[in-house]
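Biologist: I'd like to learn how to read a fold from its coordinates. Can you walk me through this one?

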Amino acid sequence: MASNFCGLLTILISIIIHVSSAPTCTGKTNCGGQSQVSSYPGHWPSNYCKVKNVVFNTGDRVLRIDGDLQELDKCHKVQDVWKFESANSDNQLNNIVCDQVFTRGHFFTTYYFHGSNYFHLHYDTMLPLFVALHQDMNKLSSGVKDVTLLPAIEVNRGEGIDWNTDAFDDQNSYWMQMLQMLSKPHRLLPLDRKLAGINKTICFQEAYFGTPKVDFSSPDILHSYADFVKKAFGIKPLKNMDKTGKPKLGLIHREGRRKILNEDELIKSVSSIANVDVLDFSQMSVKEQIQKVQQYNVLIGMNGAGLVNALYLPKASVAVQLVPYKAQLNVKEFGNLLKTRGPYLEWHNNHPELDHRIPEDIFRNGADTVVNVNEFVQIVNQALQLYQKNL
């Protein structure tokens with residue numbers, strides 16, 4: 001444990017103090033200047049906040065700006081999430097020595113209250129940051145190469161940063177692989193106890209807080225994002241399926257909650273019209289998951305994490321979301337993403353006797369389901385027809 005921590009510490013220190021093409025400050029060089037605050041439509045917080053001339057001391061975990069903190073009131077929740085101080089007195093900002101100066105920093109939080117959540121990762125973080133970093137939204141990224149991403153975890157939504165989080169410890173976790181992929185060729189410096197422990201001063205000519213508002217009904221954004229991810233992981237399209245063979249269907253297996261309780265029965269019911277694979281994405285790397293879905297004409301899954309992989313399906317392939325009885329959380333948002341991506345169908349369990357929920361689940365967020373076999377056959381047939389139509 002100690003040796004691993006020291007190794008990570010050394011890497012982080014070398015990243016921060018490394019002199020690259022970024023402008024750096026030496027001696028008593030003025031790294032400050034009057035801070036200016038402006039805001040754009042945001043995803044979370046509701047204002048995507050831009051602040052010029054920001055000094056960040058990782059040891060005391062404070063962001064210092066040269067100006068009135070009331071200017072930050074333009075940006076909803078930004079002072080509740082990140083800790084700011086004014087450096088106006090005694091010309092403090094002009095006398096700060098920066099270990100590293102970056103052209104821009106992106107400070108944002110990621111949903112991690114119950115562990116990594118694939119849906120929230122994409123909806124709240126990946127897609128908005130993709131637009132900011134790689135689609136040059138509002139020309140925010142024009143010509144800027146020296147950028148640092150500083151993800152964080154909130155103690156509670158909108159209530160400050162959890163500097164003791166272990167969320168960033170596993171470099172091979174799904175969400176760290178995705179953040180590392182998205183950040184390239186830029187730097188990724190998570191806000192956690194390791195970064196605080198090196199006690200360095202990092203300065204930003206401009207810093208953005210939160211993530212920008214994204215039009216999730218835009219096919220161009222989702223297609224560009226999916227293409228970007230596949231290219232980043234080196235995933236190439238598979239050759240077309242043998243037209244004389246059966247279509248290929250992927251059925252996503254879940255553990256924990258929102259399980260399909262009669263998988264074997266469903267597979268048997270459509271075996272005459274499709275070759276069915278049961279997919280356990282929890283046993284695959286990010287690249288393996290995205291590569292795997294390239295071979296399916298139809299991907300079916302219960303509302304939840306694994307169905308996010310439908311974003312990476314071939315454009316003619318059909319995504320089918322299965323929805324538990326009277327489920328309330330993120331069903332519409334999930335459906336809108338997949339519908340915007342491409343061909344999409346939705347099945348709702350309208351049979352209370354097939355619903356297996358626990359009483360304390362007031363939002364019906366975790367119910368298991370026995371899927372009606374006849375209705376499953378019907379929706380598979382509809383999906384195959386839709387696939388043929390979109391070839």
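This is a predicted model: local features need pLDDT of at least 70, side-chain atom pairs count only at pLDDT 80 or more; totals for chains, interfaces and linings use all residues.

Biologist: How many helices and strands does the chain have?

Modeller: Helices (H or I, at least four residues) and strands (E, at least two) are DSSP runs, numbered from the N terminus. Here you get 10 helices and 14 strands.

Biologist: What share of the residues is buried?

Modeller: Buried means under 20% relative accessible area, with a 1.4 Å probe and protein chains only. That applies to 52% of the 391 residues.

Biologist: At roughly what angle do H3 and H9 cross?

Modeller: Axes are lines fitted to C-alpha atoms, for helices over the stretch in contact, and angles run from 0 to 180 degrees between N-to-C directions. H3 (residues 118-134) and H9 (residues 331-341) cross at roughly 65°, their axes coming within 11 Å. Contact means heavy atoms within 4.5 Å; H3 brings Phe119, Tyr123 and Leu127, while H9 brings Glu333, Phe334 and Leu337.

Biologist: And where does Asn309 sit?

Modeller: In the loop between strand E10 (298-302) and strand E11 (318-323). Asn309 is buried, with a relative accessible area of 1%. Leaving aside neighbours within four places in sequence, its contacts include Tyr174, Phe281 and Leu299.

Key. Residues are numbered from 1 along each chain as its sequence is written. Side-chain values use heavy atoms; hydrogens and water are left out. Buried means under 20% relative accessible area, exposed over 50%, partly exposed in between (1.4 Å probe, protein chains only).
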